Amino acid sequence: MSVALILKAKGAHVETTRPDTTLYAVVWDLKVKAIGALVVSEDHARVLGLISERDIVRGLTEHGTKLPSSPVSQLMTSPVVTRTPRESITAVMACMTRHRVRHLPVVEGGKLCGICE
């Protein structure tokens with residue numbers, strides 16, 4: 001089974017945020033949307049980074065109470081490990097295990113087209 005088949009079933013919509021968004025706004029979005037990460041993008045197509053709950057928790061230990069007013073770009077993971085729609089689910093699972101990540105943006109032709117979680 002390929003990533004493309006999974007995206008066809010679950011949909012290709014990906015929640016994104018801009019690099020200048022405050023981390024407070026990101027935390028709010030994660031809570032309201034009940035998700036664990038946002039892809040960082042200026043145009044909803046090109047992946048600049050990824051901001052996850054894990055990034056935020058680690059950031060709290062380094063920056064403390066100043067963190068909520070900081071921009072996403074200060075804390076996001078970049079570069080981001082990505083995959084293509086043609087890859088097998090087995091390959092994606094192996095990649096997630098190897099890189100110890102729970103969210104993998106799916107990119108084709110340099111454009112965001114889904115996310116594996």
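In these legends, buried means under 20% relative accessible area, exposed means over 50%, and partly exposed is anything in between (1.4 Å probe, protein chains only). The model is predicted, so local features need pLDDT of at least 70 and side-chain atom pairs count only at pLDDT 80 or more, while totals for chains, interfaces and linings use all residues. Residues are numbered from 1 along each chain as its sequence is written, and side-chain values use heavy atoms, with hydrogens and water left out.

**View A. The largest nonpolar core has 11 residues.** Here a nonpolar core is a set of buried Ala, Val, Leu, Ile, Met, Phe, Trp, Tyr and Cys residues joined through side-chain atoms within 4.5 Å. Its members include Leu23, Val26, Leu30, Leu38 and Val40. Two elements, α2 (23-33) and β2 (37-40), each give two or more residues to this core, and α2 gives the most, with 3. Helices (H or I, at least four residues) and strands (E, at least two) are DSSP runs, numbered from the N terminus. Apart from this core lies another, of 8 residues, with Val3, Leu7, Cys95 and Val106 among them.

**View B. Leu23 and its neighbours.** Not counting residues up to four places away in sequence, Leu23 touches Ile51, Ile56, Leu67, Pro68, Ser70, Pro71, Val72 and Leu75. A contact means heavy atoms within 4.5 Å.

**View C. Glu15 and Lys33 meet in a salt bridge.** The N to O distance is 2.8 Å. Glu15 sits in the loop between α1 and β1 (16-17) and Lys33 in helix α2, so the pair links distant parts of the chain, 18 residues apart. A salt bridge is a side-chain nitrogen of Lys or Arg within 4 Å of a carboxyl oxygen of Asp or Glu. Glu15 counts as partly exposed because its relative accessibility is 25%; Lys33 is also partly exposed, at 35%.

**View D. Arg102 forms a salt bridge with Glu53.** Their closest N and O atoms are 3.8 Å apart. This pair, too, links distant parts of the chain: Arg102 lies in the loop between α4 (89-99) and β4 (104-108), and Glu53 in helix α3 (residues 53-63), 49 residues away. Glu53 is partly exposed, at 37% relative accessibility. Elsewhere, salt bridges that share partners join Glu15, Asp29 and Lys33 into one network, and the structure holds 7 salt bridges.
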